[in-house]
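Visitor: I'd like a close look at one part of this model, and then how that part sits in the rest. Could you walk me through it?

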Amino acid sequence: MQRRVIFDNRALPYLLLAPQVAVTLIFFIWPAAQALWQSVHLQDAFGLRSQFVGLENFQAVLSDPNYLETVKTTIVFSASVTLLSLASALGLAVLADAKIRAAAAYKTLLIWPYALAPAVAAVLWMFIFNPDIGILGRALNNLGYAWDYRLNDGQALTMVILAASWKQVSYNFIFFLAGLQAIPRSVLEAASIDGAGAVRRFWTITFPLLSPTTFFLLVVNIVYAFFETFGTIHALTHGGPGKATETLIFRVYQDGVVNHDLGGSSAQSVILMVIVIALTAIQFRFVERKVHYS
Amino acid sequence: MATVDLNRVRKSYGAVEAIKGIDIGVADGEFLVLLGPSGCGKSTLLRMVAGLESITGGEIAIGGRVVNGLEPKDRDIAMVFQNYALYPHMSVFDNMAYGLKIRGLPKAEIQARVAKAAEILELGRFLDRRPSQLSGGQRQRVAMGRAIVREPAAFLFDEPLSNLDAKLRTQMRVEIKRLQDRLGITSLYVTHDQVEAMTLADRILVMNHGVAEQVGTPLEVYQRPASLFVAGFIGSPPMNVLDARFDAAGQGVALPGGTAFLLPRPRPDMAGRPIKLGVRPEHLAVTSGDGPLIVTVDLVEALGADTVVYGRLPDGEGMVVRVAGLPFCREGETLRVGAPPDALHLFDAETGRRLAD
């Protein structure tokens with residue numbers, strides 16, 4: 001039996017492929033190529049002339065102590081967001097996987113935050129943590145704790161971490177729940193007959209069997225924390241106070257759009273691009289190897 | 001090693017009663033098979049013994065200790081699952097050692113026990129492999145090994161051979177039998193396969209709709225089925241069951257067509273009453289002219305060693321005859337068939353229970 005589809009018209013397959021190719025070209029390849037081109041050029045402030053400068057932009061970016069500070073902030077931010085959102089999602093998924101009343105409603109509620117726009121989520125968090133009008137913010141100040149994320153570096157970072165993690169919990173939750181439900185019930189039953197209590201069952205059976213899911217989510221969450229938290233940070237803190245909550249992606253925007261340093265901003269974009277490509281490569285390489293199911 | 005006692009055990013899911021009061025005592029070292037069609041509650045009953053399902057009513061005792069409130073891990077039982085339920089991320093060795101490690105046995109002891117089980121089950125070469133690298137039969141043996149190393153009070157088997165192909169199933173069946181003979185550990189074994197039940201069991205508990213229809217040795221269940229359900233479930237092809245009626249003196253029974261059978265012992269108390277008459281296909285004999293039943297042949301199945309003839313009586317009732325040897329008749333032919341009096345089974349027409357004989 002021949003399983004290949006046969007097209008009578010030779011042009012048809014290309015026509016069918018065209019929209020996808022067009023989207024990829026226009027929205028991915030073109031901007032990426034532009035970033036690459038700009039990263040090796042220096043443009044004047046009015047965008048009238050540009051001059052080839054080789055790797056000077058990269059040199060400038062990587063030797064800037066502010067940039068290295070931003071790298072540090074990004075690492076703290078991304079690690080915290082990834083850990084926090086993975087751990088809480090796993091906890092919630094384990095709870096939702098147990099036999100409970102109204103499980104469907106509970107699951108739906110947990111998935112809601114994912115549907116919120118980052119700016120809306122940020123406003124929501126502002127209403128909680130704003131020292132003047134936020135419920136918790138005011139309560140903290142009334143209790144004598146000087147809470148103002150607009151002034152305190154640590155508090156600002158904590159808040160964007162919380163907000164960004166919260167937004168990602170839903171996504172992780174869905175995957176963890178699906179992963180948990182894919183673990184055969186009888187394997188856990190066998191473990192409980194073998195003498196394992198709930199905690200030991202989780203760490204010796206459930207968690208290892210979830211490892212493909214966990215690893216996949218780990219990569220996705222790092223990518224999220226690196227690149228998709230711009231909206232949250234922008235709406236909550238604008239990268240401030242000072243540069244306390246400025247991550248790499250926020251700095252790309254700041255340097256390029258606000259400060260009109262297209263060359264430096266593009267060089268930063270290219271660095272970020274390399275990071276994403278590396279993460280994706282790691283994911284493809286290891287996820288398949290770590291799958292335990294037969 | 002221990003006894004397992006079930007005392008009026010019941011299970012309901014809401015208003016639905018899945019197990020309706022099962023009483024059975026399993027002796028130390030006995031092999032009890034729970035046999036029944038799917039949905040009869042046999043697996044539920046086994047899972048209740050294991051502690052994987054709660055007990056709605058009654059008492060389950062293992063080794064004389066009531067275990068109703070105990071977690072599975074505290075019941076000192078080992079279970080073999082239909083889908084093996086091996087830990088996919090552990091080697092064969094770790095699969096078997098898991099329960100021992102949890103119990104905190106010294107390393108050397110664990111090594112020794114696993115090595116011994118591996119030797120019994122011929123798994124020595126596979127100890128480093130993952131379950132996904134094993135065949136179905138090997139996985140099943142690992143599952144058994146995991147049960148053996150624990151040296152539990154009782155083994156619970158939940159349809160352990162259902163996922164294997166026919167040849168492997170026969171082979172594993174023999175291995176299980178040999179293993180249980182050798183270890184002498186009390187075993188409860190759930191299956192819907194009558195051949196497994198007949199060959200493995202010391203006693204069979206036949207279940208239907210959450211009720212124990214009959215408890216007995218394989219031959220008792222075959223020779224004296226306690227109900228029409230058991231009669232139909234055990235034996236292949238199943239027993240022929242015909243509507244009949246006691247004659248006026250209770251000396252014999254007669255079919256609607258007039259064919260009469262004399263009973264080995266008369267039942268004057270039942271004179272004139274309707275009855276279900278059962279006779280196994282393999283107990284019917286084709287006679288040369290004087291058999292009481294006239295069977296028109298519909299279909300002939302040649303199994304090699306046996307020939308199964310599907311036919312009809314003059315009034316249209318179906319009749320199956322199983323005779324040793326090669327086919328001896330063709331479709332459309334008429335046979336005269338008879339049955340010896342002691343091959344007749346009598347069941348109450350209303351309740352379906354066997355009449356005392």
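Predicted model: local features only at pLDDT ≥ 70, side-chain atom pairs only at ≥ 80, totals over all residues.

Guide: Helix α3 of chain B covers residues 107-120 and helix α4 of chain B covers residues 136-149. Their axes come within 9 Å and cross at roughly 135°. As for the hand, α3(B) passes α4(B) in a right-handed crossing.

Now for who touches whom. On the α3(B) side you'll find B:Arg113, B:Val114, B:Ala117, B:Ala118 and B:Ile120, and they meet B:Gly145, B:Ile148 and B:Val149 of α4(B). Sorted by type, the residues of this contact come to 6 nonpolar, 1 polar and 1 charged.

Step back to chain B as a whole. Chain B has 8 helices and 20 strands, and its C-alpha trace spans about 75 × 45 × 35 Å along the principal axes. Of its 357 residues, 40% count as buried. Take the contacts in chain B with a separation of 6 or more: 64% of them are between residues 24 or more positions apart.

Between them, 5 residues of domain 1 are in contact with 7 residues of domain 2. The domain 1 side of that contact holds 3 nonpolar residues, 2 polar and no charged.

Another helix in chain B worth a click is α1, residues 42-50, which is mostly covered, with 7 of its 9 residues buried. The buried ones are B:Lys42, B:Ser43, B:Leu45, B:Leu46, B:Met48, B:Val49 and B:Ala50. Just after α1(B) comes B:Gly51, with a positive phi of about 95°.

Chain B also has a partner. Here 19 residues of chain B are in contact with 18 residues of chain A. On the chain B side, the elements giving two or more residues are β6 (77-80) and α2 (92-102). That side divides into 13 nonpolar, 4 polar and 2 charged residues.

Over in chain A, the count is 13 helices and 2 strands. Its C-alpha atoms fill a box of roughly 75 × 75 × 30 Å along the principal axes, and 29% of its 294 residues are buried.

One spot in chain A to finish on is A:Gly240, in the loop between α11 (230-236) and α12 (248-258). A residue needs 20 or more other C-beta atoms within 10 Å to be buried, and 12 or fewer to be exposed; A:Gly240 has 16, so A:Gly240 is partly exposed. Leaving aside neighbours within four places in sequence, A:Gly240 is in contact with A:Ala156 and A:Thr245. The C-alpha atoms of A:Gly240 and A:Leu151 are separated by 8.4 Å, although the two residues are 89 apart along the chain.

Technical notes
Residues numbered from 1 in each chain as written. Chains lettered and ligands numbered in written order. Contact = placed C-beta atoms within 7 Å. Nonpolar A, V, L, I, M, F, W, Y, C, P; charged D, E, K, R; others polar. Axes fitted to C-alpha atoms, helices over the stretch in contact; angles between N-to-C directions. Helix = DSSP H or I, 4+ residues; strand = E, 2+ residues; numbered from the N terminus. Left-handed = near helix turned anticlockwise from the far one by under 90°.
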